Each structure stands twice: as C-alpha cells, then as structure tokens.
Amino acid sequence: MGRSILYALLLTAGLSACNSGKTAYRRGDYAEAVQKASTRLAQKKGWSNRGHELAALVLQQAFAKGYAEHQETIRRLSANTAMPFRWEAVYAEYRTLQTMTDEARQTLTRPDAQADTNWLAPYPADYDTHLAETRQLAAAERYALAEAAYAHRETDRFAAREAYEQYGQALNWEPNYLDASQKRLVVSSFGLLRVLVEPPTQTREFAPDDTRDLGQSVFASLVKNSTPAPFVHLYQPDQIEVTPDGEYRLFDGQPIAETVQYLVSRYVPYDEHVTTKTQTVESNQLYKVGVKRINDSTVVDVLEKVKGVITTYTHHVEARLSLQLRGVDTQTDAVVWTDTDYLTRDWTGTWETFSGDERALNGHTLLTLTGTPPTPSQLRSDLVSGAGGSVVSTLRKQYKNR
C-alpha cells in the first residue's frame, strides 16, 4: 500500500510539472501557450519534466496562430477611425507580438535547445519601429483632444481640466511631445476651483469670542489641508481681496468660484447626569452570626454567608456642538452643497460604595473616583479645538471629486 501511494504522488507531481501550454492553446490563448511552451522547453528533460516534444509543437503552432490573430486585430483597429484611442489598443497588440517573439527566440536559441528553429526565421525579430510609430500616433490622438479642450480653457474650467489630463496622456506616450508640457502648465491654472473659506457666522448659540476662536481653529487646520483635490484649492480671507464691484479675487487676479460658510446651529455647553447600579454580594464562606441552644445543655454556633450591597455610581458629563456648513457659488449665489458636523466632548467618572458586612466583599477593593469633572469652559475649549479638524475633514469630503 505504501509503494502505491508513493507512486501515485510521484506521478501527480510529474504530470503537474509537465505544462506544455496545450490547455492555453486549446482555449485560444496563444500568447499564454507560447509562454508556457517556452518555459517547458527551457527545462531539462526528466521524469518530473516531460513533454519537450509536445511543447515544441505547441510553441510553433501557437506562435503562428497568435501572430496571424494579432496582425488581423492590428489591421482592424488601424482601419477603425471611429474607435477612440485605437492606437493605444494597437500598441498593446504589438507589445504582445514582441513578447511572444522574445520568448520563442530566447528558448529556441539556447545552446541546449533540441527543437526545430527554422520555422521562426520568416517572422520579424522585433517590432521597435512599429512600437515607436504607434506611440507617436497614440500621443497625437491625445494631443488633438487636449487642443480641442484647450481652446475653451478660459470660459470652461472642466475643459481646462480635460486639456490638462489629455496633455498628460500624450506625454505618457511620448515624453517631450510637441509643446504639451508647456501648455499643460498654462492650462492647469484655468482648471482650478478656487474656494474661499469664510470666518464662521455669528449666532446666538455661541459667544463672539468663542466664534472667533472657532474660526482660528478652522484656519489653523486649513493651512495643512488646502488642496482636498488636485484641481481644488481652499483659501483663507487674508489671501484674497474684494474688487470694487464686490467680487472675491486672489491678489494675482484669479477669481474665487465658491465660498464656504458655516455657523454654530446648536450648542449644549454642559449636560450631566449620575446613574446608580446596585449589586447584592455575599461571602464565599460561612461566618458565625450567632448561637442557638439545641437543648438545655447544648449550644451551637449559627453559621451563614454574610451579605452586603455594592452601589456603583457613574457620573457622565458631556458638551455638544452642531455646525451647519454650505458651499455657495459666487456668481449665482446658489447653494452648491450643504453638510452638518456633530462634535461631542465628554467625561465619565465611576466610584463604588458598600453597605452591609464587609466580609461579603471577599477582598474586593471598591472603586474610587479618579480625576475631577471638566468645567464648561474646558469642554468648550476642547470642542473648538476639535472643530477645526472636523470642518476641514468635511471640506475634503465635499471637494475630493470636484
């Protein structure tokens, strides 16, 4: 029985190692078939590495069919003028052909190769020229799209962004392509959405000094988070000027497209409550609690588990702040988006008291209160400090896709 199992294991290992690419060939994946057949032919013959003859046949047939198939796809794509980015698809086809050719040639030119190599001679050795030409055509297609969008850069922010992206794609295909780098720099400025974050609006919910501190907290967080998206920049009031006609602009003349406004809509400065929970406990062992007379001459001890009550007190203090935020279009005064931030700061203290026979505690140490409850001013300060990061986080969420 042991020999049979060992034989089966060795046979399974041998068959699994023998991958000639036939399966890939049968399902029409000729590039994978060439890769697997090439890998098999690069291995030494042996019990666990069989199938050289089959791999050589698969390599030749898969390469021939793969070559014909990819060349036909290239012809079809090249003629399809209505297909967007067709040259990028053509480039992928040439890359596959180059990979197939490299794998086949490296395998068949090995010193220990025992397969026929004559069949590969008629096929091109490389596709460098085709690849270079296709990269140029792919870059030209992207550049043409960028140029069309570039013409509207000054009146359409999204057209400017489209131009920026397409110039970048052209440069990915062909570095230093025409003047794509220079125009990409020019158009990036037109694609920006410039947003002014205003100081908080004063409300009856919050004192003026606290409102001022809230604005300072927001602006402090804004310093490190002024670009929530590649084409969005958030500005503070000291970075802009107001023109005679009432428009917001940067000092270099660029217009502000939106403003962010926010205010405290609800403020609970101090909310506290104390809750209690009681638990009856008893000793783990019996204790003498008295005596009793059984008869005139016999007195015995009375043994019982002693009991007591532990009372747990929980003191909870909380302050809450709600902020209403919105984005407003500076040209139309239309509200672009709205959001709400909810902030809380709290403190909890716990302690225990005991009544009854202390032996019922079984060594348990009662909880004692640590620390003191925060004052309303301390909670307010913590809320204001946290509000800066909360507001900026909301702005990043609102503008990350803008």
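**Entry 1: Glu147 and Lys183**

I looked up the pair Glu147 and Lys183 and found a salt bridge, with 2.9 Å between the closest N and O atoms. A salt bridge here is a side-chain nitrogen of Lys or Arg within 4 Å of a carboxyl oxygen of Asp or Glu. The pair links distant parts of the chain, since Glu147 belongs to helix H6 and Lys183 to helix H8, 36 residues apart. I noted that helices (H or I, at least four residues) and strands (E, at least two) are DSSP runs, numbered from the N terminus.

This is a predicted model, in which local features need pLDDT of at least 70 and side-chain atom pairs count only at pLDDT 80 or more, while totals for chains, interfaces and linings use all residues. Residues are numbered from 1 along each chain as its sequence is written, and side-chain values use heavy atoms, with hydrogens and water left out.

Is Lys183 buried or exposed? I recorded 17% relative accessibility for Lys183, which counts as buried, whereas Glu147, at 26%, counts as partly exposed. Buried means under 20% relative accessible area, exposed over 50%, and partly exposed in between (1.4 Å probe, protein chains only).

**Entry 2: Other salt bridges**

How many salt bridges does the structure hold? I found 17. Among them, Arg320 and Asp271 meet through their side chains at 3.3 Å, N to O. Arg320 lies in strand S8 (residues 307–329) and Asp271 in strand S5 (residues 258–282), so this pair ties together parts that are 49 residues apart in sequence. Arg320 is partly exposed at 23%, and Asp271 is partly exposed at 30%.

I also looked up Arg359, which forms a salt bridge with Asp357, their closest N and O atoms being 2.8 Å apart. Arg359 is partly exposed at 35% relative accessibility, as is Asp357 at 25%. Elsewhere I recorded a network of salt bridges that links Arg27, Glu32 and Lys36.

**Entry 3: Helix H7**

I turned to helix H7, which covers residues 157–173 and has 17 residues. From its first C-alpha to its last, H7 reaches 25 Å, close to the 24 Å expected at 1.5 Å a residue. The expected span is 1.5 Å times one less than the number of residues.

At the start of H7, a side-chain oxygen of Asp156 comes to within 2.9 Å of the backbone nitrogen of Phe158. The buried residues of H7 include Ala159, Arg161, Tyr167, Leu171 and Trp173. What covers the buried residues of H7 includes helix H5 (86–108), helix H6 (128–150), helix H8 (180–190) and strand S1 (193–197).

I then examined Arg142, which lies in helix H6. Arg142 is buried, with a relative accessible area of 11%. Which residues does Arg142 touch, not counting residues up to four places away in sequence? I listed Phe85, Glu88, Gln166, Gln169, Ala170 and Trp173; contact means heavy atoms within 4.5 Å.

**Entry 4: The five-stranded sheet**

I traced an open sheet of five strands in the order S2-S1-S5-S8-S9, with mixed pairing. Two strands pair if DSSP finds at least two bridges between them. Strand S2 (232–235) and strand S9 (335–356) stand at the edges with a single partner strand each, so one side of each is left without a neighbour in the sheet. The twist averages 25° from one strand to the next.

S1 pairs with S5 in the parallel sense over three bridges. Val195 stands opposite Glu258 in S5, and Val197 opposite Val260 in S5. Helix H10 (residues 376–399) packs on the sheet and touches S1, S2, S5, S8 and S9; its direction makes about 140° with that of S9. For such angles, axes are lines fitted to C-alpha atoms, for helices over the stretch in contact, and the angles run from 0 to 180 degrees between N-to-C directions.

S1 and S2 also run parallel, joined by four bridges. There I noted Leu196 opposite Tyr235 in S2.

**Entry 5: Strand S1**

Why is S1 largely enclosed by the rest of the structure? I found that five of the five residues of S1 are buried, so the strand is largely enclosed. In a regular strand the side chains alternate between the two faces of the sheet. I noted that both faces of S1 are covered, with Leu193, Val195 and Val197 buried on one side and Arg194 and Leu196 buried on the other.

Definitions and conventions. A polar contact is a pair of N or O atoms within 3.5 Å; within protein, one must be able to donate a hydrogen and the other to accept it, and residues adjacent in sequence count only if both atoms are side-chain atoms.
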